[in-house]
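Student: Could we go through this model together, one question at a time? I would like to see how each answer is reached.

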Amino acid sequence: MNEMRLQAEALGHTAEQWQARVDLAAAHRCAVMHDLHEGIFNHLTLRVPGHEDRYYQIPFGLHWSEVTASCFMEVGYDGEVKRGDGIVERSAYCIHAPLHRATPQAAAVFHTHMPHASALTRLEDQTILPIGQTELGTMMRTGYDDTYTGPAVNFEEGERLVTVCGNHSVLLMANHGALTLGNTVAEAYDRLYYLERVAQVQLYAMWTGRPLRPLADDVIEKTYSTYQGTTMKYGEKSNAEWHFDALKRILDRKEPDYAS
């Protein structure tokens with residue numbers, strides 16, 4: 001912790017800001033590891049701790065396998081670079097700035113075109129089906145944008161997504177991709193990871209051509225009530241935090257430069 005504090009101070013960041021950068025860099029590297037990325041495209045962003053007018057974004061053109069804690073620009077909600085160097089990718093700004101600005105649960109905003117979730121959005125009915133426990137945990141957080149309006153190159157599209165998201169922390173976007181929100185990087189990444197797993201399993205089940213086995217309504221309601229009424233923690237950490245800490249340990253062994 002002292003080493004991180006000294007490193008942060010040397011670069012002009014608070015310890016909290018540097019940890020945020022490290023976590024966001026880890027999320028980009030993990031997305032490559034889990035094949036949730038599209039090279040230099042898509043966007044994982046995070047509000048800058050201690051500021052209410054900006055968020056972290058990588059410079060356009062950087063491959064996600066190259067992302068490090070020190071590479072992030074601080075981009076204002078006005079689209080201007082407040083700190084760092086690089087090009088602000090237009091659709092990232094148009095989607096993410098409105099969500100960060102207007103949505104309380106959107107400290108972290110992760111948008112990807114990950115393959116299985118994106119395949120689900122290409123179906124006439126893109127909804128997650130109640131055919132398993134993990135599906136129910138994702139379904140209760142998921143909203144659906146059934147209107148693809150074209151590339152997000154204007155701020156109004158982001159404002160539309162604010163309305164569509166509402167209180168949801170997962171969004172499936174018809175003909176497009178997926179979006180997850182979180183109070184932390186760990187939350188947003190955990191939701192992204194399990195959304196892709198849910199989509200993958202659903203598609204595999206559908207591909208068999210055999211009848212699906214939906215869960216009974218009373219089981220669905222019982223599961224929802226259990227998930228909504230309980231915030232289970234082990235050692236004062238949420239499941240998402242345990243998951244993300246484990247992923248960072250893998251990166252620490254295999255590609256520790258992410259934290260530089």
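Student: Is Asn175 buried, partly exposed or exposed?

Tutor: Keep in mind that this is a predicted model. Asn175 is found in the loop between strand S7 and strand S8, and its relative accessible area is 44%. Buried would need a value under 20% and exposed a value over 50%, so with 44% the class of Asn175 is partly exposed.

Student: What is the phi of Asn175, a residue other than glycine?

Tutor: The backbone angle of Asn175, in the loop between S7 and S8, has a positive value in a residue other than glycine. For Asn175, phi is near 60°.

Student: Asn42 also has a positive phi although it is not a glycine; is Asn42 buried or exposed?

Tutor: The place of Asn42 is in the loop between H2 and S1, and its phi is about 70°. The relative accessible area of Asn42 is 6%, and the cut-off for buried is under 20%, which means that Asn42 is buried.

Student: Which residues of S1 lie on each side of the strand, and are they buried or exposed?

Tutor: In a regular strand the side chains alternate between the two faces of the sheet. In S1, which spans residues 43-47, His43, Thr45 and Arg47 are on one side, with Leu44 and Leu46 on the other. Both faces are covered, and these residues are all buried.

Student: Which residue in S5 is the bridge partner of Thr45?

Tutor: S1 pairs with strand S5, residues 108-112, in the antiparallel sense, and this pairing extends over four bridges. Within S5, the bridge partner of Thr45 is Val109.

Student: How are helices H2 and H9 oriented to each other, and why?

Tutor: The axes of H2, residues 15-33, and H9, residues 239-254, come within 10 Å and cross at roughly 80°. Angles of 65 to 115 degrees are needed for this class, so H2 and H9 are roughly perpendicular.

Student: How many of the residues in the contact of H2 with H9 are nonpolar, polar and charged?

Tutor: Residues that meet there include Ala26, Cys30 and Met33 in H2, and Phe244, Leu247 and Ile250 in H9. The residues of this contact divide into eight nonpolar, one polar and three charged.

Terms used:
Residues numbered from 1 in each chain as written. Heavy atoms only, no water. Axes fitted to C-alpha atoms, helices over the stretch in contact; angles between N-to-C directions. Helix = DSSP H or I, 4+ residues; strand = E, 2+ residues; numbered from the N terminus. Parallel < 35°, antiparallel > 145°, perpendicular 65-115°, else oblique. Contact = heavy atoms within 4.5 Å. Nonpolar A, V, L, I, M, F, W, Y, C, P; charged D, E, K, R; others polar. Buried < 20%, exposed > 50% of the residue type's maximum accessible area, 1.4 Å probe, protein only. Pairing = 2+ DSSP bridges.
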